[in-house]
Amino acid sequence: NPQMRQVMESNPALRQMMNDPAVLQQVTEMMRNPAAMQQAMRNQDLAMSNIENMPGGFAALSNMYRDVQSPLEDSMGNGPQPTAANNNRQQFDAG
């Protein structure tokens with residue numbers, strides 16, 4: 001997918017993460033195990049809440065969404081997925 005390739009080239013950290021076997025194994029486990037997915041979502045929500053409450057945290061999350069998640073979603077042809085980041089999509093777009 002050319003769009004996915006472009007996202008990976010413009011985000012070296014994302015490329016490194018997607019090439020990490022441990023990350024891929026964790027993602028596979030979350031796809032197979034709904035409890036693991038729910039736990040990951042809770043962890044993500046807590047981490048994002050903690051970041052958002054730090055000075056400059058909301059801006060950092062907004063930048064991450066704009067630079068990483070939104071292009072990744074666009075490249076995959078998916079609309080917003082039910083993640084904590086997408087639940088705040090309107091806030092990020094407005095920020």
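Visitor: In which helix is Gln-26 found?
Guide: This is a predicted model, where local features need pLDDT of at least 70, side-chain atom pairs count only at pLDDT 80 or more, and totals for chains, interfaces and linings use all residues. Residues are numbered from 1 along each chain as its sequence is written, and side-chain values use heavy atoms, leaving out hydrogens and water. Helices are DSSP runs of H or I, at least four residues, and strands are runs of E, at least two, numbered from the N terminus. On that numbering, Gln-26 is found in helix H3.

Visitor: Is Gln-26 buried, partly exposed or exposed?
Guide: Buried means under 20% relative accessible area, exposed over 50%, partly exposed in between (1.4 Å probe, protein chains only). Gln-26 has a relative accessible area of 48%, so the class is partly exposed.

Visitor: How far apart are the C-alpha atoms of Gln-26 and Ala-40?
Guide: Along the chain, Gln-26 and Ala-40 are 14 residues apart.

Visitor: What separates the end C-alpha atoms of helix H3?
Guide: The expected span is 1.5 Å times one less than the number of residues. H3 covers residues 21-32, twelve residues, so the span should be 16 Å. The model agrees, with the end C-alpha atoms apart by 17 Å.

Visitor: Which residue caps the N-terminal end of H3?
Guide: Look for a side-chain oxygen 3.0 Å from the backbone nitrogen of Ala-22. That oxygen belongs to Asp-20.

Visitor: Which side chains meet in a salt bridge?
Guide: Side chains of opposite charge can pair when their charged atoms come close. A salt bridge needs a side-chain nitrogen of Lys or Arg within 4 Å of a carboxyl oxygen of Asp or Glu. The structure holds one. At 3.2 Å, N to O, the partners are Arg-66 and Asp-67.

Visitor: What is the relative accessible area of Asp-67?
Guide: Asp-67 is partly exposed. The value is 37%.

Visitor: Where does H5 bend?
Guide: H5 covers residues 57-76 and reaches 27 Å from its first C-alpha to its last, close to the 28 Å expected. The bend at a residue is the angle between axes fitted to the seven residues ending there and the seven starting there. In H5 that angle is about 40°, at Tyr-65.

Visitor: Which residue with positive phi follows H5?
Guide: The phi is near 75°. The residue is Gly-77.

Note on methods:
Polar contact = N/O pair within 3.5 Å; in protein donor to acceptor, adjacent residues only side chain to side chain.
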